[in-house]
Amino acid sequence: MNPVRVRAMIIGMLGLGAFLAATQLGYSEDPKPAAARAYKPVQPIHEMMEGQKKLFGEIKDGLLDKQWNKASQSAWILAEVANANSYQHEAADYRDWAAKMAQDCVTLAQNLKKKDEAGAKEMVTKVGQTCQACHDKYQK
Ligand code: HEC
């Protein structure tokens with residue numbers, strides 16, 4: 001292709017890019033910043049808990065089988081589900097337990113990634129205690 005046509009093509013593409021960027025910037029379905037939007041989990045508590053049980057099981061199995069990456073991935077997902085769980089209830093103790101579980105799952109995921117077996121076991125115990133603490137008060 002001759003250099004003039006190549007240059008014309010490049011300029012054309014840059015123009016298209018700028019046009020797309022401008023229309024994207026101007027377009028917003030929800031102008032509110034993230035902080036002003038209330039978070040609402042899509043999962044009902046029952047389904048969320050079934051998921052937590054599944055993930056916690058995967059983590060414990062992965063730890064036994066030394067499947068560190070798999071177990072770590074499940075721990076990261078469980079951390080996010082626990083984070084979402086903190087929005088399922090207004091009570092401060094409920095939110096605190098869910099948030100604590102989320103943080104402990106982050107540490108757990110990191111320990112698993114490092115193949116720190118003792119550290120991971122310690123966090124599994126802590127997470128299990130938090131499941132229990134919240135259930136003692138809120139599971140009917
Ligand atoms: C911050 C509170 C909280 C934490 C932490 C928590 N749960 Fe739950 N869980 C609940 C509530 C509330 C229910 C009852 C749900 C209902 O009645 O629909 C429940 C119920 C359950 C159930 C029974 C299913 C059902 O809906 O009846 C399972 C299984 C379960 N949780 C697993 C876990 C596991 C595993 C953990 C920890 C890894 C955990 N939960 C941590 C609040 C919590």
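Seen down the axis of α2, the buried residues fall within an arc of 125°, so they line one face of the helix; the arc is that of the directions from the helix axis to the C-beta atoms.

Before going on, a word about the model. It is predicted, so local features need pLDDT of at least 70 and side-chain atom pairs count only at pLDDT 80 or more, while totals for chains, interfaces and linings use all residues. Residues are numbered from 1 along each chain as its sequence is written.

Which residues of α2 are buried? They are Leu55, Phe56, Ile59, Gly62 and Leu63. Buried means that 20 or more other C-beta atoms, placed from the backbone, lie within 10 Å of the residue's own, exposed means 12 or fewer, and partly exposed lies in between. What covers these buried residues includes α3 (68-85) and α5. On the other side of α2, the exposed residues are His46, Glu47, Glu50, Lys53, Gly57, Leu64 and Asp65. After α2 comes lysine 66, with a positive phi near 55°.

Now step back to the protein chain, which has five helices and zero strands. These are DSSP runs numbered from the N terminus, with helices (H or I) of at least four residues and strands (E) of at least two. Of its 140 residues, 21% count as buried.

The largest nonpolar core has 22 residues, and those with the most contacts inside it include Ile59 and Leu108. Such a core is a set of buried Ala, Val, Leu, Ile, Met, Phe, Trp, Tyr and Cys residues joined through C-beta atoms within 7 Å. α2, α3, α4 and α5 each supply at least two residues of this core, and α4 gives the most, with eight residues. Leucine 108 touches Ala75, Ala120, Met123, Val124 and Val127, leaving aside residues up to four places away in sequence; contact means C-beta atoms, placed from the backbone, within 7 Å.

Finally, the ligand. It is surrounded by 20 residues, the closest being His46, Met49, Cys131, Cys134 and Tyr138; a residue counts as near if its C-beta atom, placed from the backbone, lies within 6 Å. The largest share of this shell, seven residues, comes from α2, and α2 (45-65), α4 (92-113) and α5 (117-138) each supply at least two.

Key: Contact = placed C-beta atoms within 7 Å.
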